[in-house]
Amino acid sequence: MKCKHIILIILLHLFSSVPLLAVEKEINIAEKKEMLVNAKHDSIKCRILNEIANYYYEKDNDLALEYIHKGLKLAKQNNFTELTGNCFYTLGTIYGSKGN
């Protein structure tokens with residue numbers, strides 16, 4: 001009997017924290033966008049653009065593509081080889097989620 005109560009408490013705890021995680025992600029993305037505006041170095045901007053694209057790829061593919069194309073352009077302009085690869089990886093993930 002105690003085992004069932006413990007399982008029930010654990011399940012209630014897990015399901016009650018899911019909306020909080022969504023709110024945390026929304027706050028985090030707002031912070032990322034602010035960081036993007038204030039970033040001084042292109043490598044940092046590129047990383048943030050990639051992170052934002054990763055955030056949006058399951059929610060809004062078109063918006064994710066917009067951010068990743070900006071990041072990819074910036075990475076290519078500055079010959080950031082690793083960041084270019086990261087952006088291409090994210091781009092593939094986005095297209096994969098679209099079914100293209």
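Predicted model: local features only at pLDDT ≥ 70, side-chain atom pairs only at ≥ 80, totals over all residues.

Q: What pattern does the chain follow along the sequence?
A: The secondary structure has 4 helices and 0 strands. Reading along the sequence, you get α-α-α-α.

Q: What percentage of the residues count as buried?
A: Buried here means under 20% relative accessible area. The chain has 100 residues, and the share that counts as buried is 27%.

Q: What share of the contacts with a separation of 6 or more comes from residues 24 or more positions apart?
A: A contact takes heavy atoms within 4.5 Å. Counting contacts in the chain with a separation of 6 or more, the part from residues 24 or more positions apart is 50%.

Q: How far apart are the end C-alpha atoms of helix α2, and what should the helix span?
A: Helix α2 covers residues 42-56, which makes 15 residues. At 1.5 Å a residue, the helix should span 21 Å. The end C-alpha atoms agree with that, as they are 21 Å apart.

Q: Which residues of α2 are buried?
A: Buried again means under 20% relative accessible area. By that cut-off, the buried residues of α2 are Cys46, Ile48, Leu49, Asn50, Ile52, Ala53, Tyr55 and Tyr56.

Q: How are the rings of Tyr55 and Tyr56 arranged?
A: The count of aromatic pairs comes to 2. For Tyr55 and Tyr56, the ring centres are 4.9 Å apart and the planes stand at 80 degrees. Planes over 60 degrees apart fall in one class, so this pair is edge-to-face.

Q: What about the rings of Tyr56 and Tyr67: how is that pair classed, and how many residues apart in sequence are the parts it ties together?
A: Their centres lie 5.9 Å apart with the planes at 10 degrees, so the pair is stacked. Tyr56 sits in helix α2 and Tyr67 in helix α3 (residues 61-77), so the pair ties together parts whose separation in sequence is 11 residues.

Q: Which residues form the aromatic cluster?
A: Tyr56 and Tyr67 are both buried, and Tyr55 is buried too. The one cluster is made up of Tyr55, Tyr56 and Tyr67.

Terms used
Residues numbered from 1 in each chain as written. Heavy atoms only, no water. Helix = DSSP H or I, 4+ residues; strand = E, 2+ residues; numbered from the N terminus. Expected span 1.5 Å × (residues − 1). Buried < 20%, exposed > 50% of the residue type's maximum accessible area, 1.4 Å probe, protein only. Phe/Tyr/Trp six-rings, centres within 6.5 Å; stacked < 30°, edge-to-face > 60°.
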